[in-house]
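Subject: A structure for you to look at

Hi there,

Here is the structure I promised to pass on. Please open it beside this email, and then read on for what turned up.

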Amino acid sequence: MGQKRGRLYEVVKGVKRAGPPAKKQKNANHHSSNPSKASKASKATPPQPQKKQHKQQQHPEPIIPFAPEESILLVGEGDLSFAASLVEHHGCTKLTATVLEKNVEELSEKYPHVGENIAKIEAEDGCRVVYNVDARKMQPFVNKSHGESVGAMDRIIFNFPHVGGKSTDVNRQVRYNQELLVDFFSRALLSLAPGGSIVVTLFEGEPYTLWNIRDLGRHSGLQVERSFKFQAAAYPGYHHARTLGVVRNKQTGEISGSGWKGEDRAARSYVFVRKDDVPKPVPARKKRAREEDDDDDDSGEED
């Protein structure tokens with residue numbers, strides 16, 4: 001209808017234009033009917049160009065989906081720089097950081113600088129590093145109460161999950177990573193405390209959007225409480241670690257200083273809670289400006 005009305009409007013205008021010429025009005029310009037006003041108008045100061053107003057860009061404070069006093073489980077850590085930042089800069093006191101590598105020697109082979117991060121983590125009495133933990137098969141972290149095992153972790157965080165370079169075919173890579181996440185969700189639920197949340201961070205854009213992480217969560221009995229932009233700068237000392245380890249020069253084997261910096265790439269964190277569960281709110285810390293603007297529900301709408 002809108003297009004028809006528009007066309008009809010043009011037709012009507014065409015008919016009016018095709019009609020007899022209108023009589024010339026003696027006073028076409030209403031200012032010319034009063035010479036004095038016209039002269040005053042000509043002497044008036046010309047309008048000054050408006051200065052462009054540069055709006056100050058508002059950078060909302062980053063959303064931190066945990067509190068220092070909560071029990072936190074980090075899954076699939078690489079060089080442990082994220083875990084070290086949580087202990088050193090966020091004051092976390094009950095943190096368990098898990099890695100896939102079997103021992104510290106294997107981990108150091110991939111990330112030669114990891115020893116510094118391990119020292120920062122283990123300097124806190126309630127924090128530790130656990131080796132040989134497969135996100136798809138990990139044993140539950142639980143507390144036993146009255147003969148029952150209850151999940152012990154308030155927040156379970158898996159940053160940038162990826163199976164590695166198993167295939168160059170995009171469809172296969174998508175399927176492999178979907179299987180990884182489904183298995184992770186099923187194991188993580190066993191360790192999740194009542195009202196706790198699971199946080200998964202992915203890069204934005206394809207192929208990561210093809211994973212359909214929201215649907216994977218639904219099929220696992222979870223729902224997205226909200227999602228928000230992941231800001232690496234909120235974690236001083238954190239550097240994105242590749243699944244395959246540091247980038248090395250193919251000829252010399254030395255560590256390349258021009259490796260890809262994943263922390264500079266846009267990423268988003270998804271906060272999952274059990275369906276029909278009452279989520280445990282993150283204890284308030286500093287006021288986070290415009291946090292509501294970043295929140296969204298399971299409707300699929302994002303900022």
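Is Lys120 buried, partly exposed or exposed? Lys120 is partly exposed, with a relative accessible area of 33%. Here, buried means under 20% relative accessible area, exposed means over 50%, and partly exposed is in between (1.4 Å probe, protein chains only).

Before going further, please note that this is a predicted model: local features need pLDDT of at least 70, side-chain atom pairs count only at pLDDT 80 or more, and totals for chains, interfaces and linings use all residues. Residues are numbered from 1 along each chain as its sequence is written, and side-chain values use heavy atoms, with hydrogens and water left out.

Salt bridges

The structure holds eight salt bridges. A salt bridge is a side-chain nitrogen of Lys or Arg within 4 Å of a carboxyl oxygen of Asp or Glu. One of them joins Lys120 to Glu88, with the closest N and O atoms 3.4 Å apart. This pair links distant parts of the chain, since Glu88 is in helix H3 (residues 81-88) and Lys120 is in helix H5 (residues 114-122), 32 residues apart. Glu88 is partly exposed too, at 46%. Helices (H or I, at least four residues) and strands (E, at least two) are DSSP runs, numbered from the N terminus.

Another salt bridge is formed by Arg136 and Asp183, at 2.8 Å from N to O. Arg136 lies in the loop between S3 and S4 and Asp183 in helix H6, so the pair ties together parts that are 47 residues apart in sequence.

Arg268 and Glu204 also meet in a salt bridge, at 3.3 Å from N to O. Arg268 sits in strand S9 (residues 267-274) and Glu204 in the loop between S7 and H7, 64 residues apart. Arg268 is buried, at 1% relative accessibility, whereas Glu204 is partly exposed at 34%.

Helix H6

Helix H6 covers residues 170-191, and its 22 residues should span 32 Å at 1.5 Å a residue; the end C-alpha atoms are 32 Å apart, which agrees. The expected span is 1.5 Å times one less than the number of residues. The buried residues of H6 include Val174, Leu181, Phe184 and Leu189. Seen down the axis of H6, the buried residues fall within an arc of 160°, so they line one face of the helix. That arc is taken from the directions from the helix axis to the C-beta atoms.

Most residues other than glycine have a negative phi, and most peptide bonds are trans. Asn132, in the loop between strand S3 (128-130) and strand S4 (142-145), has a positive phi near 60°. Asn132 is exposed, at 52%. Phe160 has a positive phi as well, near 55°, but Phe160 is buried, at 13%. The peptide bond from Glu206 to Pro207 is cis, with omega near 5°, and Pro207 is in the loop between strand S7 (192-203) and helix H7 (213-219).

Cysteines

How many disulfides does the structure hold? It holds zero, a disulfide being a pair of cysteine sulfur atoms within 2.5 Å. For Cys92, the nearest cysteine sulfur is that of Cys127, 7.1 Å away. That is too far for a bond. Cys92 is buried, at 0% relative accessibility, and Cys127 is buried at 5%.

Enjoy exploring!
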